[in-house]
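Biologist: Hello! Could you walk me through this structure with a few questions and answers?

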Protein chains: 4
Amino acid sequence: MCGIVGVLTHAPANQTLYDALLLLQHRGQQAAGIATDNDSVFAMHKANGLVTDVFRTRNMRTLRGRAGIGHCSCAAYGPSCDEEAQPFYVNAPYGITLAHNGQVANGDALRRELSVTARRHINTPSDAEVLLNVLAHEVHAASQGESLSPAMLFTAIACLQRRVQGSYAAVAQVAGHGILAFRDPQGVRPLCLGVRAGANGEGEGNEYMFASESVALEGMGFAYVRDVAPGEAIYVSLDGQLHARQLSVQHGARPSAFEFVSLARPDSVIDGASVYAARLKLGELLAEQVRAQLDTGAIDVVMPFDDIARPAAIQLALKLGLDYREGFIQNRYPGRTFDLPPSAIVRKAVSQRVNAIGTEFNGKRILLVEDAIVDAASTRELVQLARQAGATWVALASTAPPVRRPKVYGVDWPARRKPASMGATHDDMRANVTADALVFQDLKALKAAIAGANPALRELEISCFE
Amino acid sequence: MCGIVGVLTHAPANQTLYDALLLLQHRGQQAAGIATDNDSVFAMHKANGLVTDVFRTRNMRTLRGRAGIGHCSCAAYGPSCDEEAQPFYVNAPYGITLAHNGQVANGDALRRELSVTARRHINTPSDAEVLLNVLAHEVHAASQGESLSPAMLFTAIACLQRRVQGSYAAVAQVAGHGILAFRDPQGVRPLCLGVRAGANGEGEGNEYMFASESVALEGMGFAYVRDVAPGEAIYVSLDGQLHARQLSVQHGARPSAFEFVSLARPDSVIDGASVYAARLKLGELLAEQVRAQLDTGAIDVVMPFDDIARPAAIQLALKLGLDYREGFIQNRYPGRTFDLPPSAIVRKAVSQRVNAIGTEFNGKRILLVEDAIVDAASTRELVQLARQAGATWVALASTAPPVRRPKVYGVDWPARRKPASMGATHDDMRANVTADALVFQDLKALKAAIAGANPALRELEISCFE
Amino acid sequence: MCGIVGVLTHAPANQTLYDALLLLQHRGQQAAGIATDNDSVFAMHKANGLVTDVFRTRNMRTLRGRAGIGHCSCAAYGPSCDEEAQPFYVNAPYGITLAHNGQVANGDALRRELSVTARRHINTPSDAEVLLNVLAHEVHAASQGESLSPAMLFTAIACLQRRVQGSYAAVAQVAGHGILAFRDPQGVRPLCLGVRAGANGEGEGNEYMFASESVALEGMGFAYVRDVAPGEAIYVSLDGQLHARQLSVQHGARPSAFEFVSLARPDSVIDGASVYAARLKLGELLAEQVRAQLDTGAIDVVMPFDDIARPAAIQLALKLGLDYREGFIQNRYPGRTFDLPPSAIVRKAVSQRVNAIGTEFNGKRILLVEDAIVDAASTRELVQLARQAGATWVALASTAPPVRRPKVYGVDWPARRKPASMGATHDDMRANVTADALVFQDLKALKAAIAGANPALRELEISCFE
Amino acid sequence: MCGIVGVLTHAPANQTLYDALLLLQHRGQQAAGIATDNDSVFAMHKANGLVTDVFRTRNMRTLRGRAGIGHCSCAAYGPSCDEEAQPFYVNAPYGITLAHNGQVANGDALRRELSVTARRHINTPSDAEVLLNVLAHEVHAASQGESLSPAMLFTAIACLQRRVQGSYAAVAQVAGHGILAFRDPQGVRPLCLGVRAGANGEGEGNEYMFASESVALEGMGFAYVRDVAPGEAIYVSLDGQLHARQLSVQHGARPSAFEFVSLARPDSVIDGASVYAARLKLGELLAEQVRAQLDTGAIDVVMPFDDIARPAAIQLALKLGLDYREGFIQNRYPGRTFDLPPSAIVRKAVSQRVNAIGTEFNGKRILLVEDAIVDAASTRELVQLARQAGATWVALASTAPPVRRPKVYGVDWPARRKPASMGATHDDMRANVTADALVFQDLKALKAAIAGANPALRELEISCFE
């Protein structure tokens, strides 16, 4: 998962990009980067680490210019290094930087093609570098012999859409020209547009921002305008002119259901649907499953697993008329294990991360609500923590159906999290997480819940649940 | 506010101290330090910053030894510097390091006394340095001509208790001897003892930990034994012998009410009272005030201000039969403002820190629950954020009475937070925070709520509310 | 001035490149960089600072692979930034990295040409980026539709030689292919080839190194083979095959006389001439000028200005039968001035850098020998230091003629050093440096001295003296 | 070896202390530290590393005040850590910081005494910490019940002189009082006093500096006044009053001969003797030994080993009428070996450090001049380097007698350098360093040479040569 941002302002863009990345950092905490365009000269800084660790004053000083793009990501490729952080840069044609969120399905084929046909060297395993080079190649083809125009960029992206399979929401900038944002034809990954109106209020002097989630726009004082449509590209030139074009057959967005279940911030709106509203609805519909499958009268208390599951758990408790309580306390300050000889110490990872309030569990029958069971081991640890704290019975309700496929282009699972539910029976899964009972949302309800937040949203990327 | 920890284990103590400080870091994020005793040689590292920033691998490597103390603190003295971080060290007599949580009321007099009588140089404005030098002076006096014994240490602390006024919960270590923990005669600041039982289970080979809050004991695999009693000192020698002595007239603890209202983690138990239980009870009793003062039928939804207020808000909503919702989303990744020329950018501090979910506020009448109104400006900003998000009426309920006195030895306010309610009328206060209505817990209810969590707890340090 | 190195070994190349840069660092202390090729993937690290500051263990770890290039440079462009450090990288075609030493005369024209014709974006003011993009453009043109061969690379460099005016000695690497070294047709800047013979001694398994000066080859255990000829390109493929081709009309090298006067290490051999031998000879011939212009009988002692002037000064003293002494002691540890308020302190720059031993100057008539008078202010400061130390008469002898032109492609003066002698009369110059007498080498003697070190060396780049 | 400095100025002292340490850094490059007194509050920063690495802007900012002391040192205790860097601090009595150069002979006994009698904890293996605690103990004893006076400090140092055996030249400061400098009764280690006269020129408003070598005074614009006499203490109060007292029987200084042979900068004057003059004289007298023992007619050239031996080698060549040349070129940029897997690379340490110019050695008979043969391995490496460069015969002349004893209080050898000549015959030593001939200065000549630089200097600390 990644967060992306692009901005064109009247003031230096660096602090705005930095602040926006902080607001998107729930989407990826492993690496961060910013590239700005200062009078046709790119400045770029990227590295592994949290945004606050990656950007020091000396880095920010070099990131000059009124336009720029930024990126934060979780590590998708094992032992990654700073070079794989985004944005990426190519110097021909024109000089282009790009950052993206998504997963290219035909990456290997594109790499071969780029190397043989275009003689373009791809230096890292990053999808973003592939995407950028396809873009560069197409821009080069589209702009033969003439000076660059928005139309050429749109032609290039239309070609890119035909060549690249998978999901991508991307921001790019062409040196000395402007900021470009585009989304794959299915709109699997989110991207939205915001504006800060100029003085005369008629579009002149407008400032623009693109961001993965609307929360970043609002946090930076930009008004949410709309989502970038699936298959659309929007280009904002450095003089503030906005050009938008639909490049593939227009159909509705097909955003990843996982954004609503787990990934996005609750205060974001994605493709017209409030994430918070969707989560409340997920809780409401899950309540029905619970009522159907469990003896709700025997449940003493409903509890969320963590912050993400909270809205659904509150609503579920309300629907079932059950007490809502929070017995797990997260530790907000995770540390690290030092490799110090002699080291007999093994840190108790779970108890470092979360603690159970004894009085809330002791002698009680608990219904835990989790957003989705992705990592069976983590779920099992919390169930056991509840038992150690005295719970006499622990049931588990998941606001999403079982995760059946580990890697589809809708979602890229971090390597260490393996879906618990691939090919397993319901009882196997229950036993695996050591719960006394296990209730899943069904797929239809999942769709209904998200549609409940925006009836116009008729399709969802749900391949991981099928 | 500070967190303190002291530990004697069979393994290297550095990782344990580091992990414990992370579990106590909600008590202070401005500075951190650790001092260990390795064969009578102290290693120490302390600096401003978060625990994870202060301790690098190279620092941890030097922190050898099986015993040590640690400290995390918020800056109490304006532009502080690394030297004021704790622990502190004096080399005569014996070599002693100390870390404390509290506030010395007669610090200036003690400084003069130490300088003139004892010719001891106090190099910083820190109370901890004063406390350590009083301890050193008394240990020197108590141990004249003989080798150090637990009895001498107890004599010294008894003298210290007579000289030092104010609140102090402290851990100290004497080089090559052991770990010492003591608490002022009123027990205003918390300190508790944990044990990890040795192999034979009869006290031999026991490992011990002292910590500000029980959550740190549990997180590190130590069983909570009891609180250090007010006026008591406990000494654990490096060979694992535990000596405890009550040094002042025994009376019940008089812990700071603010620990229960705001400071401590909800999953901690302080002087026998569960902080979580106290907060639930605060919500319950506050519900009665709300019912008496407001038309609860006209309230659409109850919301907590932030994580701290959540348990009380849940319980208050339950009692009043009102809907409970969370409309404010905290940003977990605070950043910083860079001083970059030209800098026309002023970051919107509040919108960086917290965001309001529009649908939860729009057109609604909201009752916000806050733990205590300490900083009127912050409270006002959130009230206004609720209005901007569309709330038609915003009432505020505080789980604590108005904060009347800014600096008493129970609580040391950070400089930038000035109590809003000093000398103001109820209506002034309401207008100041721009709420439509304002309900305070009364002092009697505050006491009752905390007593509800431990009936034996008959006294509380409440001077800031009087 | 810069130092460059390229290496192909059987072992990891990073430590070898690092060590070689240390041996070349007298050529530039402001920035350093290394790029390695690890299975067709480039790793690169570059930054401002000394080699020892730029490369940390974490950087070295990422610089994997058996082949690589390195660079150290002095800042040529005012307030430079890390991005302008070399090597540079382009990803199309093939992926190429390059580092160079020299000065491109028609840089502005090439930039325009690259931008308009080739649509290549040049992101920095660095000549190296221009040179690399010309190379990339020509390689692209030469390799249309076929796989890369040494012949294509030679064709590309032949084209580059026609397009690029000025001086350049360069090392480059093509990802997954090999190391390339080439020198401009005049051979103004030095570059030589070394070999470490493989086991069978017949060329198989040979390891190769290119470096600006022979001292780096010897220091790293490579045997000096020969200089890269002016206008020649040498390509070593990753499997160890060496291909060399003369690409311009063959004529003798025309190295910069300044290398022999000041720039190169005395223990290097450049285009067949020992720098040390040239400096001795410069002293010898300067002795004749001194004898002709001064009353040598009245000179008490001959002294060098600094380390660079020492060989010439020793030889001059010997020739004139005068005592040789060293009265200036360099401080080996330069520091910095902190910007600390209040800052009334102005550091005495000269006395920080060099100190005069009073007894060597007091009451004496001194002949100071300097390599070349480039920065009149520095020279004046030392003359005055000699007087303050008690010298009754201070004459100055320069082993080079007056520097007449500040910026020619032979030498790029650092901005702050302005030649003292542009358009000035001999007496003006003497007065400017406040010497009692001033003797210059004449141009003919300069040529003769260097030719004395290698009679085959018939031409020199001497435009700065004309 | 260490360098120390103490200063009282009208302006902030930090930059002055920093600059002075750079001028003294040839005496120790492993660690550095500064402590300043700012209105009775000490600020201190110390760490391992070069002065330029230890002090960053943030450190300098905290080092406020007009008075301070500084220290640079070579590591004397194997794997040292930052805590052992000087200065040291004790807070009782008064608050004292101290830095010293020397070697305490009865350190173990003093440690026991301090621990048992004074209950003072010594936390490191550093002699400086022992010396400081003896001083603190004696100041405490001397000042019982009364406010501190210069007389008390002198009493304390007189007692310290009786208790501490060995060599020590020290600077100290008492918080809020002033700067103290003292030297052991034999004056083994150097310490001198400088002044910058106040406006009226009559002592009022004078600024003072103490430093290990006069070069630091001169470099900072202080006029050399005199050496601190052996057994003398000088106290400068913060209001600028200077008090000096001779505390032991006055006899002439007995400085370490090694200062003149190797340690001090040539441009320093120690106890009235110019180091440079002493080195010239050492060369002159060594010439006689060479003439007596070798066939000087068969020697082609005289060469110094390195910078330290240069003055003696120049003078020796002059006396013998032999050619003087420099064939070894030092690399001014030493690097480090990274521990990188797989690491087949073993750096050639010597060729990294020094390079031989072939033409100066090839076919020649060389007389190498070294200051003193301390580390046989290093000497041997250079002899062999000369042979590899083609020398047909290599003789070695040492300006000092054989080093017979490794650790005497005159000199503390770094652990890795073991004197080559302990108990060995002349021929063993010659064979050990693989020279064709070996000539030592005799002890009488050593004394004569130094006396030649100051006839008043009748005694020398020469125990390492006996």
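Biologist: What rotation superposes chain B on chain D?

Modeller: Copies are superposed by least squares on the C-alpha atoms of residues with pLDDT of at least 70 in both. This is a predicted model, where local features need pLDDT of at least 70, side-chain atom pairs count only at pLDDT 80 or more, and totals for chains, interfaces and linings use all residues. Residues are numbered from 1 along each chain as its sequence is written, while chains are lettered from A and ligands numbered from 1 in the order in which they are written. With 0.0 Å of shift along the axis and an RMSD of 0.1 Å, the rotation is 180°.

Biologist: And what relation is that?

Modeller: A rotation of 180° with 0.0 Å of shift along its axis takes chain B onto chain D. That is the relation of a two-fold axis.

Biologist: Which helix gives the largest share of the side of chain D that touches chain C?

Modeller: Residues are in contact if their C-beta atoms, placed from the backbone, lie within 7 Å, and the contact takes 49 residues from chain D and 49 residues from chain C. Helices (H or I, at least four residues) and strands (E, at least two) are DSSP runs, numbered from the N terminus. The largest share on chain D, seven residues, comes from H1(D).

Biologist: How many of the 11 residues of helix H10 of chain A are buried?

Modeller: Buried means 20 or more other C-beta atoms, placed from the backbone, within 10 Å of a residue's own. Among the buried residues of H10(A) are A:Arg310 and A:Leu320, and the cover includes helix H9 of chain A. H10(A) is largely enclosed by the rest of the structure, because its buried residues number nine.

Note on methods
Two residues are in contact if their C-beta atoms, placed from the backbone, lie within 7 Å. A residue is buried if 20 or more other C-beta atoms lie within 10 Å of its own, exposed if 12 or fewer, and partly exposed in between; C-beta atoms are placed from the backbone.
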